[in-house]
Amino acid sequence: MFTIIIILIVLLIIAAIFINAFQQHRAKQEADERAEVAKQKAIIDETENVMMAASNMPISPRILQILQNRIVNALKTIRSTRQSNADIKQRISDAESRATALENVDSLPVNDFTLPDNDKMIIQYIQAVKKLRVMLRSEHTKGKVDTKTFIEEDKTLERLQLKVNVETLARRGRKAMNSGMLGSARQYFEKAIVALDAQSQPDDYAVSRLNTLKEWLHEIQDNLKNTNAEDRARKKEAERDELDELFAPKKKW
């Protein structure tokens, strides 16, 4: 009888250990799933925000489709956990429909893009293009985008990013130039020229904009030379007036 009691106690202890281990494992699984769901929700929110910011930009339908598929994959990952809710299936279906609808949409040429007047919007555009390139690279790394598509679309985004940067610098340079701030204008134009000169295969936009910026820079340099010459002339005239006054014959009273 005593032996049976000992055996039962040992079995209860072992059972308690297994139950505790199972509960800890279950709790860890749930914690990991909650973390994974939070991660996927963040991916969805970030992707949707970038798509909204880029809605007025000449983004190709292929990139938009890649982003929609990114959302689909994130939703499917959420569905695979015990944290998913009832409407997840419908959300996946809607996202897949939006991705399919983008297959026959024409894209706008990058050169048709017009920079907004609002500086805040410009900053959002620049950030959106940078994030688009990061997302595209991430999807390529995960094997969701083939190398040919990645190279082509990344090059398009690179050109768009260049145009936004150059047009922002050009606009600020012209504004400074019209305000008589020639030194600041020169710095803006020089930065834009450096960015365009760095292109290994410049397109028509880069060549045309580079020529215009160099003309504006040359105009500034001419104005600065003229201003410096006028300053030297005024300084020389002032020095001569001082000498004339110093050596002028004293008046007799």
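Predicted model: local features only at pLDDT ≥ 70, side-chain atom pairs only at ≥ 80, totals over all residues.
**Entry 1: α2 and α3**

Helix α3 covers residues 88-101, and its axis comes within 9 Å of that of α2, crossing at roughly 165 degrees. Angles over 145 degrees count as roughly antiparallel, and α2 and α3 are therefore roughly antiparallel to each other. I noted that α2 passes α3 in a left-handed crossing.

I then listed the residues that meet. From α2 they are Q65, Q68, N69, I71, V72, L75, K76, I78 and R79, and from α3 they are I88, R91, I92, A95, E96, R98, A99 and T100. Sorted by class, this contact holds eight nonpolar, four polar and five charged residues.

**Entry 2: α2 and α4**

I next turned to α2 (residues 61-79) and its packing on α4 (residues 119-141). The angle between these helices is about 65 degrees, and their axes lie 11 Å apart. I recorded a left-handed crossing where α2 passes α4. On the α2 side the contact is made by I63, I66, L67, R70 and N73, and on the α4 side by L132, M135, L136, S138 and E139. I counted six nonpolar, two polar and two charged residues in the contact of α2 with α4.

**Entry 3: α1 and α4**

I also looked up the packing of α1 (residues 2-53) on α4. Their axes are 9 Å apart, at an angle of about 130 degrees, which makes α1 oblique to α4. The crossing of α1 and α4 is left-handed. I found that α1 contributes E46, T47, V50 and A53 to the contact, while α4 contributes Y125, A128, K131, L132 and M135. The classes in the contact of α1 with α4 are six nonpolar, one polar and two charged.

I compared the lists for α4.

**Entry 4: the largest pocket**

Finally, I looked for open space. Rolling a probe the size of a water molecule over the atoms shows where empty space is left. I noted about 150 Å³ of space in the largest pocket. Which residues line the largest pocket? The lining consists of D117, D119, R171, R172, K175 and A176. Helix α5 (residues 147-178) supplies the largest share of this lining, with four residues.

Conventions: Residues numbered from 1 in each chain as written. Heavy atoms only, no water. Axes fitted to C-alpha atoms, helices over the stretch in contact; angles between N-to-C directions. Helix = DSSP H or I, 4+ residues; strand = E, 2+ residues; numbered from the N terminus. Left-handed = near helix turned anticlockwise from the far one by under 90°. Contact = heavy atoms within 4.5 Å. Nonpolar A, V, L, I, M, F, W, Y, C, P; charged D, E, K, R; others polar. Parallel < 35°, antiparallel > 145°, perpendicular 65-115°, else oblique. 1 Å grid on protein atoms, 1.4 Å probe; cavity = no way out; pocket = protein on both sides within 12 Å on 5 of 7 lines; lining within 4 Å. Points joined across faces, edges and corners; volume = space filled by probe spheres on them.
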